[in-house]
Amino acid sequence: MNDIHGTAILDFYKQGSADDLVLYNSYGEPEEMPVEVFFRDQLDFSTLEHLALIECEGAILDLGAGAGAHALLLQEWGKDVTALDNSPGCCEVMRQSGVEKVVETHYLRHQGQYDTLLMLMNGIGIVGKLADLPDFFDYAATIIKPGGQLLVDSSDISYLYEDDDIPKPKGYYGEVNYAYEYKGNKGNWFDWLYVDQDRLTEACKASQLEAEVLMTDENEQYLIRISGF
């Protein structure tokens, strides 16, 4: 498996540091991804993250759990949380750091029943394309219990294209491509989605789901609760 970022995260966990994790993108110059962001604790979480964790209820699936920072805090609070990631490196870190329920698989292969599906750090990005949101909602409906909820954050990245130096993509501007590089090994490009509030709300309505924006911060990052599954 192409697990570039997971290798960096595992190195950081074992050694307390890691070489530069480089993130290539479709809109500008490569950037360094700070690996320590995956190891934040409660004091480091944003207000949006705190609100999302407080709103978690019942059996929780932390989808795209990374190094398990959110799952560990939920677990500390006595919550029933399962952490899912398809990165072997991330899952190994979670197991070693004490996350009790770790699932290592692609999310579409996972079956279970949950009251809350949690997707933070722009977790909705895994959908990849705006047109694929209905299919994702269909999948979510298979694992979210009746009366359950999807808690997810995203942001409007139209600001990237306010400067003429960066050409706006032909399709939806929130559809981007990324690739990781670590220790000279570059991974495959993958699709990632940032979706603005209006389009995500419209997609929810089209799928006969209810959307409630719980907060929006000064950087246009927002937390939304999706229900009606």
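View 1. Cys91 is buried, its relative accessible area being 0%; buried stands for under 20% relative accessible area, exposed for over 50%, and partly exposed for what lies in between, with a 1.4 Å probe and protein chains only. The model is predicted, so local features need pLDDT of at least 70 and side-chain atom pairs count only at pLDDT 80 or more, while totals for chains, interfaces and linings use all residues. Residues are numbered from 1 along each chain as its sequence is written, and side-chain values use heavy atoms, with hydrogens and water left out. A disulfide is a covalent bond between the sulfur atoms of two cysteines. Here it is counted when a pair of cysteine sulfur atoms lies within 2.5 Å, and the count comes to zero. Cys90 is in no disulfide, as its nearest cysteine sulfur, that of Cys91, is 6.9 Å away. Cys90 also counts as buried, at 1% relative accessibility.

View 2. Helices (H or I, at least four residues) and strands (E, at least two) are DSSP runs, numbered from the N terminus. Two strands pair if DSSP finds at least two bridges between them. Strand S3 (residues 59-63) pairs with S4 in the parallel sense over five bridges, and Leu61 stands opposite Thr82 in S4. Between S3 and S4 the chain passes through helix H3 (residues 69-76), and this β-α-β crossover is right-handed. Right-handed means that, with the strands pointing away from the viewer, the path from the first strand over the helix to the second runs clockwise. S4 also pairs in the parallel sense with strand S5 (residues 102-104), over three bridges; there, Val102 is the bridge partner of Ala83. A right-handed β-α-β unit is made by S4, helix H4 (residues 88-97) and S5. Strand S4 (residues 80-85) is mostly covered, with five of its six residues buried.

**View 3. The largest nonpolar core.** A nonpolar core is a set of buried Ala, Val, Leu, Ile, Met, Phe, Trp, Tyr and Cys residues joined through side-chain atoms within 4.5 Å. The largest one has 53 residues, of which Leu117, Phe136, Phe137, Leu150 and Ile226 touch the most other members. Helix H5 (residues 133-143) gives the most to this core, six residues. A second, separate core has 22 residues, among them Ala69, Ala71, Val81 and Leu120. Contact means heavy atoms within 4.5 Å. Apart from neighbours within four places in sequence, the contacts of Phe137 include Leu150, Leu200, Ala203, Cys204 and Phe229.

View 4. In helix H6 (residues 197-206), the buried residues are Leu200, Ala203 and Cys204. Seen down the axis of H6, they fall within an arc of 100°, so they line one face of the helix; the arc is that of the directions from the helix axis to the C-beta atoms. The cover over these buried residues includes H5, strand S11 (210-216) and strand S12 (221-227). Asp198, Glu202, Lys205 and Ala206 are exposed, on the face of H6 turned away from its buried side.

**View 5. Leu151 in strand S7.** Leu151 lies in strand S7 (residues 144-155) and is buried, with a relative accessible area of 0%. Leaving out neighbours within four places in sequence, Leu151 is in contact with residues including Ala52, Cys56, Leu117, Met119, Leu214 and Ile224. The C-alpha atoms of Leu151 and Gly123 are separated by 9.6 Å, and the two residues are 28 residues apart along the chain.
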